[in-house]
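Hi,

Here is the structure I promised to pass on.

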Amino acid sequence: MPHPLTAGLGLKPQHYDAALRCTASGLWWEVHPENYLADGGPRLAWLEAIRARHPVSLHGVSLSLAADAPPDAAHLQRLAQLVQRIEPALVSEHPAWSAWRGRYHPDLLPFPRTHEALARIASNIARTQDLLQRPIAIENPTHYLQIDGHDWSETDFLAELVRRTGCGLLLDVNNVYLSAHNLGTRASDYLDAFPVQAITEIHLAGHHADPRLGDALLIDSHDAPVAEPVWALYERLIARTGPRPTLIERDDAIPPLPELLAERERAHSVLTNKEALPCA
Amino acid sequence: MRLSDFQDGLASALLPAPGASTPPPAWLDALLAQPGFAVYRNTVAKGCIDALQANYPAVHALVGTDWLRAAAHAFVHQHPPSDGRLMDYGAGFAAFLEGSGPAASMPYLGAVARLDRCWTEAHLAADAPTLQAAWLAQQAPEALALLRLQPHPAARWQWCAEHPAYQLWQRQRAGVSWDDQLPWQGEGALLTRPQDAVQWSPLPRAGCALLDACAAGATFEDAAAQALQTDPGADLPALVALLLHTGALRAPETPLN
């Protein structure tokens with residue numbers, strides 16, 4: 001088997017003990033490394049205990065790869081130490097920015113996909129991969145704004161980053177669905193153009209309508225089960241690509257672990273259903 | 001448009017620096033006018049404020065959610081986070097509260113916030129073995145006097161002269177309601193992490209002085225003298241026993257004997 005991982009779950013502190021006891025086949029756990037960049041203490045001990053039993057994925061949210069500056073050297077060094085300590089199965093980040101001129105904005109901020117931005121992000125990914133001594137995957141973002149001045153379509157931009165740096169891609173199907181909805185494009189067109197051969201991980205998450213604007217603006221809230229249209233896009237994608245490690249992301253309104261495991265089981269079934277896989 | 005110009009513009013709209021009031025350029029106005037811009041503005045503000053609320057639970061319990069979030073909002077604009085480790089955000093919140101007008105009727109709030117901050121620092125600090133009483137008992141008296149004992153990396157201590165900060169803080173942590181009968185006197189607190197979890201206990205003023213002196217690199221003899229200077233009636237053996245029992249001191253990195 002080239003890859004033992006099937007479907008994974010985000011690891012939440014309230015589920016640590018139950019997570020240690022899980023024995024589901026192909027299960028893995030994903031965390032934001034930012035929550036474990038401590039000098040010592042119980043957080044690292046918890047993560048190491050999980051890692052002793054299951055594969056772990058580090059999904060960074062604050063490297064700020066799209067900022068017009070190199071990633072913060074101290075942050076990158078701390079991340080490299082965590083990677084060395086945990087030996088994660090997967091490492092991923094975002095082509096977005098958050099840290100800028102010494103201030104950290106806790107979000108994944110957008111930018112015009114210009115030639116300049118492409119060169120900067122490629123350089124930042126290369127620097128990160130050099131220090132971590134492994135490829136990382138970068139994730140397609142959720143969009144809420146019409147931004148002028150793009151030189152590249154997003155799918156071509158991501159493909160070019162793969163070509164220049166050897167990075168992988170994390171395809172978030174919910175982000176594809178939301179961005180297409182919010183920007184008035186078609187999710188299926190985006191997926192058709194996506195460089196699927198570079199996908200090393202997939203994310204699935206729930207969303208909700210903006211409380212003020214309703215369905216006109218969908219928010220990537222990670223506070224609900226994965227929506228049916230997103231499952232449909234996912235099943236079509238897997239039929240095309242074959243199995244890829246798939247995470248059910250849940251960061252808010254977190255239900256008891258058995259509910260998440262049941263949702264995870266659905267993704268696991270899609271990934272292990274041999275009839276659905278493409279013919280060799 | 002240059003990437004850095006885009007980022008300067010968007011950053012100024014998301015977390016304006018205090019006193020900054022330049023009108024946004026046309027391209028930025030066009031972004032701010034879109035309904036989707038509020039998603040970013042709300043996410044950035046909520047991320048910072050949620051982190052402060054999580055990192056200052058005793059302050060939150062004392063003042064309530066609305067008060068805490070209003071104070072956090074003001075703090076965020078003066079002292080935004082500098083990196084993505086939001087579990088460590090808010091180092092200056094106690095001093096900010098002490099200088100804040102709305103907190104004037106709660107002069108103890110800063111001292112309580114300092115203990116919340118001590119908890120965060122103790123939780124995230126480096127691991128190290130604690131000094132064991134058995135090891136100390138093996139040292140010859142003359143060697144003992146010259147030992148330079150180091151506080152454990154996860155040990156934090158605070159002396160508060162004006163308020164029963166420790167009682168106020170630990171009651172909020174334990175979910176115990178305000179007590180009008182609480183004797184209003186100065187108090188010290190010691191937070192340690194002997195195993196995985198952060199623990200706490202009251203610490204007399206002389207104990208705080210002893211740890212201050214150890215942290216500054218004093219010999220045990222000098223540290224003891226400073227503790228006694230702070231409180232001539234201090235029970236030194238009891239203090240040392242407390243520090244050993246709570247794991248407040250780290251084991252020497254190389255055996256001294």
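**What turned up**

Let me start with a helix in chain B: α7(B) lies across β1 and β2 of that chain, and its direction makes an angle of about 170 degrees with β1(B). Keep in mind throughout that this is a predicted model.

The sheet under that heading is an open one of 3 strands, in the order β1-β2-β3 (chain B), and the pairing is antiparallel. At its edges you'll find β1 (156-160) and β3 (199-202) of chain B; each has a single partner strand, so one side of each has no neighbour in the sheet. From one strand to the next, the twist averages 15 degrees. If you want to zoom in, β2 (residues 187-192) of chain B is joined to β3(B) by 4 bridges, and B:Ala189 sits opposite B:Pro202 of β3(B).

Chain A has a closed barrel of 8 strands, going β1-β2-β3-β4-β7-β8-β9-β12, and here the pairing is parallel. Its twist averages 30 degrees from one strand to the next. One pair to look at is β3 (residues 56-59) and β4 (residues 90-93) of chain A, which run parallel and share 3 bridges; A:Ser57 faces A:Leu90 of β4(A) there.

Now, how do the two chains meet? Chain B puts 38 residues into the contact and chain A puts in 40 residues. On the chain B side, the elements giving two or more residues are α1 (3-14), α3 (37-55) and α7 (109-124). That side of chain B is made up of 23 nonpolar, 9 polar and 6 charged residues.

Cheers

Conventions
Residues are numbered from 1 along each chain as its sequence is written. Chains are lettered from A and ligands numbered from 1 in the order in which they are written. This is a predicted model: local features need pLDDT of at least 70, side-chain atom pairs count only at pLDDT 80 or more; totals for chains, interfaces and linings use all residues. Two residues are in contact if their C-beta atoms, placed from the backbone, lie within 7 Å. Ala, Val, Leu, Ile, Met, Phe, Trp, Tyr, Cys and Pro count as nonpolar, Asp, Glu, Lys and Arg as charged, and the others, Gly among them, as polar. Two strands pair if DSSP finds at least two bridges between them. Axes are lines fitted to C-alpha atoms, for helices over the stretch in contact, and angles run from 0 to 180 degrees between N-to-C directions.
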